[in-house]
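Walk me through this structure, please.

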Amino acid sequence: MIRDIALGQYIPGDSLVHRMDPRVKIVLVFLFIVFLFVAQNFVALALPVLAALAAIFLSGLLLLVVSAAVCILLSGVPVRHYIKSVKAILFIVLFTSVLNLFYGGGETLLKIGFMEIKSGGVSNAIFIAVRIISLILLSAVLTFTTSPTSLTDAIERLMKPLKVFHIQVHEI
């Protein structure tokens, strides 16, 4: 059962993404997540992760999705591991999408009693599903290509400036 959950597992390899500094990967994933939630349309969600700074000037879902796909391909990790990651959260994605079907304007597509599914609701549902799946896939790229020890060391090094405020970074 636990082997079916791929998210969070490290998969050794020698790809470009495996060799990247873990701090850079953490910062890029953080920026990707920020842009993912700032994106207000499908075009913004497709923004390339490697060109994350350009996201300040652009807005769209398609570019973020393409970026996640590029990172997945560059990671050298078999696609089946990414599919397992998404499979683990599929219920959450479907549940959230179904709820979002009922929020949004536009033309009424289906009326079930007092509830209406409108074109805007379908767009919202798809948008939220793509957003969540992109988030999981890029997080999987980070955990698949970075050992837990390297991740904790990188987080500690990124938090080092907090020592100025007498915060015990190592303890955190």
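Predicted model: local features only at pLDDT ≥ 70, side-chain atom pairs only at ≥ 80, totals over all residues.

Residues are numbered from 1 along each chain as its sequence is written, and side-chain values use heavy atoms, with hydrogens and water left out.

Start with helix α4, residues 79–88. Helices here are DSSP runs of H or I with at least four residues, strands are runs of E with at least two, and both are numbered from the N terminus. The buried residues of α4 are His 81, Tyr 82, Ser 85 and Val 86. Seen down the helix axis, these buried residues fall within an arc of 140 degrees, so they line one face of α4. That arc is taken from the directions from the helix axis to the C-beta atoms. Buried means under 20% relative accessible area, exposed means over 50%, and partly exposed is in between (1.4 Å probe, protein chains only). The face of α4 turned away from the buried side carries the exposed residues Arg 80, Ile 83 and Lys 87.

Now the aromatic rings. How many aromatic pairs does a search of the whole structure find? It finds two. Rings of Phe, Tyr and Trp (its six-membered ring) pair if their centres lie within 6.5 Å; planes under 30 degrees apart count as stacked, over 60 as edge-to-face, and the rest as tilted. Tyr 82 and Phe 144 form an edge-to-face pair, with 5.0 Å from centre to centre and 65 degrees between the planes. This pair links distant parts of the chain: Tyr 82 is in helix α4, Phe 144 is in helix α6 (residues 119–145), and they are 62 residues apart. Tyr 82 is buried at 2% relative accessibility. Phe 144 is buried too, at 0%.

The rings of Phe 91 and Phe 95 have centres 6.1 Å apart and planes at 20 degrees, so this pair is stacked. Both residues lie in helix α5, four residues apart, which is about one turn of the helix. Phe 95 is partly exposed, at 48%.

Helix α5 (residues 90–100) also holds Ser 97. Ser 97 is buried, with a relative accessible area of 11%. Leaving out residues up to four places away in sequence, Ser 97 touches Ala 125 and Ala 129. Contact here means heavy atoms within 4.5 Å.

Next, the surface. Val 98, Phe 102, Tyr 103, Leu 109, Leu 110, Ile 112, Phe 114 and Met 115 make a nonpolar patch of about 830 Å². Patches are made of residues with over 30% relative accessible area and no salt bridge; like charges are joined within 9 Å, and nonpolar side chains (Val, Leu, Ile, Met, Phe, Trp, Tyr) within 5 Å. The areas come from the Shrake-Rupley method with a 1.4 Å probe, and for residues only the protein chains shown count as cover. Strand β1 (residues 108–112) gives the largest share of the patch, three residues. Leu 109 lies in this strand.

Turn to the charged side chains. A search of the whole structure finds four salt bridges. A salt bridge is a side-chain nitrogen of Lys or Arg within 4 Å of a carboxyl oxygen of Asp or Glu. Arg 19 and Asp 14 meet in one of them, at 3.6 Å from N to O. Arg 19 is exposed, at 53%. Asp 14 is exposed as well, at 60%.

Lys 111, Glu 116 and Lys 118 are linked in a network of salt bridges. Between Lys 111 and Glu 116, the closest N and O atoms are 3.6 Å apart. Between Lys 118 and Glu 116, they are 3.5 Å apart. Lys 111 is exposed, at 55%. Glu 116 is partly exposed, at 28%, and Lys 118 is partly exposed, at 24%.

End at Thr 146, in the loop between α6 and α7 (148–158). Thr 146 is buried, at 3% relative accessible area. Thr 146 and His 18 are 128 residues apart in sequence and 6.4 Å apart in space, C-alpha to C-alpha. Not counting residues up to four places away in sequence, Thr 146 touches Tyr 10, Pro 22, Lys 25 and Leu 151.
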